[in-house]
Structure formats: C-alpha cells, structure tokens
Amino acid sequence: MPMRLLVLTNNPDRASFRMRVAIHLGILRDNGIDCEVVELPRGFWARQRLLKQAAGFDGVFLHKKRLSWLDAASLRRCARRILYDFDDAVMYRDREPERISRARFRAFGRIVRLADMVIAGNAYLGEHASRYHANVRVVPTGLDLNPYREERRRRDDGRVRLVWIGSATTLKYLAGIQPVLQDLAGRFDNLTLRMISDEYLGMASMKMERCPWSGETEAADLMTSDIGLAPLPDDPFTRGKCGFKILQYQAAGLPVVASPVGVNAQYVRDGVTGFLARDPAQWVDRLGELIVNPEMRTTLGRAGRREVEAFDVSVIGNRLCTLIAECLNQGRD
C-alpha cells in the first residue's frame, strides 16, 4: 500500500525546493510514496487548520522552514512522523553571518528536536543539526543530468566565456571578485563574462553576455561557456552552501575555479576538475592558466563531468526514497 507524505514548504517555486524536493517527486511516487505539496499559509489559523491535516498522512516532510513554538507543537501533536530537510545555514543571518542570533538558533533547535529524522544538505549543516538530534542524515543536492548529455559546440569565435549562474541574492558573491575580472579583462582582450541570472553586474571593462535564467535554457547556456566561476566569502553562512552551481558547471563539462569554502573544497579537486583560489592573486593566476590553455580546460572539464555522475537525480533520489521510507515505516501500525 502506498505511503502518503505531506510536503510543506514556504515557497514551492524557490530553487532550493525545486532541486531538493520537487525534482524527486516522480522517483518517490514510483517507489510507493505519494506526496502532496502544500505551501504554508501566512495566517496563524490557516496554518493550524493545515497542520491538523497531517494526521491523515503517514508523515510530514518539512522543507527548510522554521516554525513558531505553537506551530511546532501542533505539528508534533498531529503528525505521525516528521522529516525536516534543509540545505542552507538557516541558523545564521545571510547579511550578518558573524553575528549570532539566539532567536534563529532557538527556532532551528526547536524544529530539529521535534523531527524524527533530519536530512541535511552537507556535513557542515549536519553537524549543526547533530547538536539537537541523533538521527541526522546527509543527502547532497542532486541534479538531472539528462539536459547536459546532448553534445553542444561552443562558439568558435576566439572568445573565452567565463560563466556565473545564480540569483539576485547571491550576485554579491560574484561582485566580490569584480577586481579580479577587471584585471583579467586588461590582460586578455578575448574574454566574455556570461551571467545567467535575474540581475546582473555592470562592468565596462569586459564584454558581457546577460542570459536571463530559465530552466529550459540554463543547460545550453552553461554548455556553450568555457570556465565556471564559484566565488564565496568564508563565513558561517556560506559554509552551509551546498555547491549546486559547481555541480551544474561540471555537468556542462566546464572546469571550475572556486573559493575553498564549505563543500566547494570537496567538489572541486584542485588541479583535477578545476582550481581552488584563496585570494585575488590566485584567482587571477588560476583563471589565467585556463584562459590560455584550451586543452587544460577540456581535460579538467571531462574529469568533473565524470565525477558529477554521482549526483544525478537517479542516485540522490533513490537515496532520499530509502531514508523517507525508513522513517515512515517506523511510524506505521
């Protein structure tokens, strides 16, 4: 008999939900777990009515959202089993990562304690959750490799395209290496910066390609680029990032230059699938090596493409299915 899972999220359109949960709904269904995705309402009484419905499901899968103590108590009272999944350092503020927020940590601890199983996007996040709960599993964010399997030829126009993919909220990380990009633009007149986003940097010193993000075109935009950029400052919030753009670059067969922060240092094998750059001088040197050496770009890109197979949706989705079934079966009569 299929198991029924109530999936709760703040925003089903958010990239985090799409890549952590929505991408796996088909695999879950095929493995006997029927999911009903519901957006948490803003109003208190509307949330209470929704949470009471949890009693009609085998379990609840809560994605990333922290709950008030009243909502948490209602969920725990009504739900047979609770899984909590998160892929960001939600216990820290993005804008003030070094400033400890007691309220955020309390809310994070509350939701982790009430869960029967916690699924963290990486080991750093898992370590934080383990302070409050013994049953913490690490499941990285996966991606569908199928759009990246079609061979696409890069433009033979003599230009080298550096590419960055991200949202308006993370554009500041790319801005952090803007002096590096300006330096490189002065050294190489064949550089283009391609940004796949909903907002863009302005740089008069370098040729720009602004590509509006679309799920239908992102794979093609990446596969017709040359070098992937993954800069990050090192702070308590960014250490929780799950490195999804690196996986996308590798799926597209691109070498990656990344800051050695969090899982970046695991996903980019220095000198094998790309380079880790710790300071502006290393960013300039490593990018410079790749700009002048197309054979190196090809070799590193192919190595990354082989390694990213371990993150395909089929692999990660089946792992998630196993964990969810394990948790739900423990609560069945």
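This is a predicted model: local features need pLDDT of at least 70, side-chain atom pairs count only at pLDDT 80 or more; totals for chains, interfaces and linings use all residues.
1. Axes are lines fitted to C-alpha atoms, for helices over the stretch in contact, and angles run from 0 to 180 degrees between N-to-C directions. Helices (H or I, at least four residues) and strands (E, at least two) are DSSP runs, numbered from the N terminus.

2. The crossing of H8 and H12 is right-handed (the near helix is turned clockwise from the far one by less than a right angle). On the H8 side the contact (heavy atoms within 4.5 Å) involves Val 180, Asp 183, Leu 184 and Arg 187. H12 contributes Pro 280, Trp 283, Val 284, Leu 287, Gly 288 and Ile 291.

3. An open sheet of 6 strands runs in the order E9-E8-E7-E10-E11-E12, with parallel pairing (two strands pair if DSSP finds at least two bridges between them). Its edges are E9 (207-212) and E12 (274-276), each of which pairs on one side only. On average, neighbouring strands of the sheet are turned by 20° against each other, direction ignored.

4. Within this sheet, E7 (residues 160-165) and E8 (residues 191-197) are joined in the parallel sense by 6 bridges. Ile 165 stands opposite Ile 196 in E8.

5. Residues are numbered from 1 along each chain as its sequence is written. Local features need pLDDT of at least 70, side-chain atom pairs count only at pLDDT 80 or more, and totals for chains, interfaces and linings use all residues, while side-chain values use heavy atoms, with hydrogens and water left out.
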